2 protein chains.
Amino acid sequence: MPRPGRPGRIYRAVVAYYSKYPKFHVAVDCIVFAVKEGRLCMLLVKRDFEPEKGKWSLIGGFTRDTESVDAAAKRVLRELTGLKNVYMQQVGAFGDIDRDPGERVVSVAYFALLNYDDVDHAAVEESGAKWVEVDEIPPLGFDHPRMIVKAREEMRRRIFSEPLVFRLLPEMFTLTQVQNLVEAVVGEPLDKRNFRKRLCDNPCIAATESFDKSLSRRGARLYRYLPPVETGNVKFKI
Amino acid sequence: MPRPGRPGRIYRAVVAYYSKYPKFHVAVDCIVFAVKEGRLCMLLVKRDFEPEKGKWSLIGGFTRDTESVDAAAKRVLRELTGLKNVYMQQVGAFGDIDRDPGERVVSVAYFALLNYDDVDHAAVEESGAKWVEVDEIPPLGFDHPRMIVKAREEMRRRIFSEPLVFRLLPEMFTLTQVQNLVEAVVGEPLDKRNFRKRLCDNPCIAATESFDKSLSRRGARLYRYLPPVETGNVKFKI
DNA sequence: GATTTTGGGTGTAAAATTAACACTCATTTT
DNA sequence: AAAATGAGTGTTAATTTTACACCCAAAATC
């Protein structure tokens, strides 16, 4: 596949050298997180095609000639959720010989964090995808379980030092929502008072005058996340 | 490339489906760290072949049909240093369209930590590779600078919570050696007394009766690292 | 209109960890 | 004998982390 703008002689020499080596399909797989009805969920699809037909799997696709691998991950996610500008983070490359029972495929896994309310639910429905609670993951095909484990580890490692949570919550949120989410990520309960204290010490959290009355008689104050530009790039710390 | 043991009909259908998508070369690049003469160094090669001929680059190679991507990284490193069982850690996949000026290549980067004394220096010499101090990296081709930045970030993040340093040091080492190395990784000086206190509090460090007299009149006590099995799998913390 | 119910909200004290800091030691060289 | 070199060592103040239990506001019920 010669591309324009290459010097001919050198280019042919390089291709001749490279061509001794095999090529593989390069897939992307997305571990998509969102909070649905207060619970941390992941997006899975039931495969109605081979290989691994009938099993659940992560959403994925193949990288095209015309896009970077990172761009392929973004595209796959956009095709499914209708969302652009989603926070995505590479989890790693998975390259075992037999990881795909069909053909040799190397896959690069990403995790994505998004706000459930922004999702195009019709598009998700149509592609047979479902939101599944992170603690109720069904058996999955391929090496997807490994990918998920690694994605969750990565998230756990970063949740206290990077403002990841706010990508999963609506623009205005209660402190309880934040705490429930962090607890779901780290997998253990946290002390309410200490958690709120630390969170509110953070200059990137601003109280609003609105209240969420959907859960309690009294109502819970809503907060807003201020991105670093507005707060002087302070280091985030929960 | 049909492989044995596949059910024919399904296999053909999968291949037909997959074949709509392009294949790419899958490379591996290794960021190889070692301590040479007390300084943290990386292994680089001067390329005497296209593309990027004449520039310095990381050591790398292509993944073969017969090996996983991780195994390819191990092989490339073994071919160069003569070492097996080296600690390697994936840094990430790099998949920009034009990252290789020759052809489309997706590369998976790894960092490797090894003890300089174990290296086959003749083999390194022969392949035109050189040890270069991490603060004196020459201009590099491809996207190798980005790979190095990410590898060093990763290392910095883990150095205090995982026993990485001991993979870079000889079996017996002085506390000063450890401190110099950690300082090279984090890029800032550390308090000597606090550092030594923390390090020696660690049950995985054992004092020996030997001394290194090469640097001081007095001599410095040599210590040994005890792997977790011997210490009851305590969490590592410097 | 008093009572119950529900999740929201709040402060302090003890314990643990981290940070700052400067001199002596043992040995060799001069 | 003096100087030079890197090795080694403890204490105190400051900060951070942990543990912990009750009242609040509003609506619903009786």
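Me: Which residues are exposed on the other side of H1(A)?

Reply: Arg9(A) and Arg12(A) are exposed there. Exposed means over 50% relative accessible area, buried under 20%, and partly exposed in between, with a 1.4 Å probe and protein chains only. Mind that this is a predicted model, where local features need pLDDT of at least 70, side-chain atom pairs count only at pLDDT 80 or more, and totals for chains, interfaces and linings use all residues. Residues are numbered from 1 along each chain as its sequence is written, chains are lettered from A, and side-chain values use heavy atoms, leaving out hydrogens and water.

Me: What makes the buried residues of H1(A) line one face of the helix?

Reply: The buried ones are Tyr11(A), Val14(A) and Tyr18(A). Down the axis of H1(A), they fall within an arc of 65°, so they line one face. The arc is taken from the directions from the helix axis to the C-beta atoms. An α-helix has 3.6 residues a turn, so residues three or four places apart point the same way.

Me: And what covers the buried residues of H1(A)?

Reply: The cover includes strands E1 (23-36), E4 (59-62) and E6 (105-113) of chain B. Helices and strands here are DSSP runs (H or I, at least four residues, for helices; E, at least two, for strands), numbered from the N terminus.

Me: How many residues of each chain are in contact?

Reply: 42 residues of chain A are in contact with 42 of chain B, contact being heavy atoms within 4.5 Å. In chain A, Tyr18(A), Lys23(A) and Glu103(A) lose the most area to chain B, together 16% of what that side buries. Buried area is the accessible area (1.4 Å probe) that two parts lose on being put together, summed over both.

Me: Why does Phe142(A) count as buried?

Reply: Its relative accessibility is 18%, so Phe142(A) counts as buried. Phe142(A) is in the loop between strand E7 (129-133) and helix H4 (144-158) of chain A.

Me: Asn85(B): buried or exposed?

Reply: Asn85(B) has 79% relative accessibility, so it counts as exposed. Asn85(B) also has a positive phi of about 55°, although it is not a glycine.
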